[in-house]
Amino acid sequence: MTGTGSALPARAVSNDELAAQLASRGIETSDEWIVSRTGIRQRYLAAPGQGTADLAEAAARAALAAAGRSADEVDLIVLATSTADQMFPSTACLVQARLGNAGAAAFDVQAVCSGFVYAMTVADALIRSGTHRCALVIGAEVFSRILDWNDRTTCVLFGDGAGAVVLEAAREPGVLAARLHADGRQAGILCTAGRVEGGAVVGDPFLRMDGQAVFKLAVSVLESSAREVLADAGMTVDQVDWLIPHQANARILAATVRKLGLPDERLVATVDCHGNTSAASVPLALDLAVRDGRIRPGQHVVLQGVGGGFTWGSVLLRM
């Protein structure tokens, strides 16, 4: 991993501001209610007309600059999103055109909040195969467009943003292990079931979630997934310098650290300031911790995703 980058909308919305907006709709909530249940204090919301490709492009440019690479050196673009700007072509292709790249393989991965971990694993496999040498891996979301703003159990949780990394072929591996899983039997606990048919939206176009079911499953699979990649690499939990799980809920993060027996100070948590940004949450947190100096070369970092599908997975990195 030679570079990281991120992008957020200009507008940060505090819990108090959001509560006031919801009150105008007759929905009661408060900063205390949100923080006590989620740990979230603010989130960033995209401006009207600002799309997933806009945020993804900005994050990609930041990652390329950090890596010292130009867009034309990239031969693979994998973009994780559940909020594509259009049905097709892929958001990855839209970003490719904006970057001025032509010829690189470019496609989207849809695994909801596990999307970035899925995209990283795919890019790593293609680099290992020898067919590609320089990959741009992006997680980008505008989840505010699929929220039901009359449902306080979901609309207070999510935000918008994008993060990106550059992965390059090297003699020594940076990705030490990666594992992906899914259980489609759990599709109903977190989904947006609507679709476009005959020019109209058919079904429910809003995000729906069974919060208790998601919490229980997330804590279980995050622990087992972390132990799985560590075992694959012949490492133990105490060798992990940083854990960056999907930033869904502060209680999920705390429970995961506790189950793994990691000190709290090895957790990178940004859910308080970003909210849940789905596929963007892990690369956003990664970039923040790299740029503020917490994550340094040679350290071991576990990235984890868990989300609708139900999907989950982990990637173990040596920085």
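Reader: What volume does the largest cavity have?
Author: This is a predicted model, in which local features need pLDDT of at least 70, side-chain atom pairs count only at pLDDT 80 or more, and totals for chains, interfaces and linings use all residues. Residues are numbered from 1 along each chain as its sequence is written, and side-chain values use heavy atoms, with hydrogens and water left out. A cavity is a set of points, on a 1 Å grid over the protein atoms alone, where a 1.4 Å probe fits but cannot get out; its volume is the space filled by probe spheres set on the points, which are joined across faces, edges and corners. For the largest cavity the volume is about 30 Å³.

Reader: Which class of residue lines the largest cavity?
Author: Lining residues have an atom within 4 Å of a point, and here they are A226, L230, V237, V240, L243, L260, L262 and V302. Ala, Val, Leu, Ile, Met, Phe, Trp, Tyr, Cys and Pro count as nonpolar, Asp, Glu, Lys and Arg as charged, and the others, Gly among them, as polar. The lining has no polar and no charged residues; its 8 residues are nonpolar.

Reader: In strand 15, what is the bridge partner of V302?
Author: Strands are DSSP runs of E, at least two residues long, numbered from the N terminus, and two of them pair if DSSP finds at least two bridges between them. Strand 14 (residues 300-307) and strand 15 pair in the antiparallel sense over 8 bridges. V302, also a lining residue of the largest cavity, has as its bridge partner in strand 15 L316.

Note on methods:
On a 1 Å grid over the protein atoms alone, a cavity is a set of points where a 1.4 Å probe fits but cannot get out, and a pocket is an open set with protein on both sides within 12 Å along at least five of seven lines; lining residues have an atom within 4 Å of a point. Helices (H or I, at least four residues) and strands (E, at least two) are DSSP runs, numbered from the N terminus.
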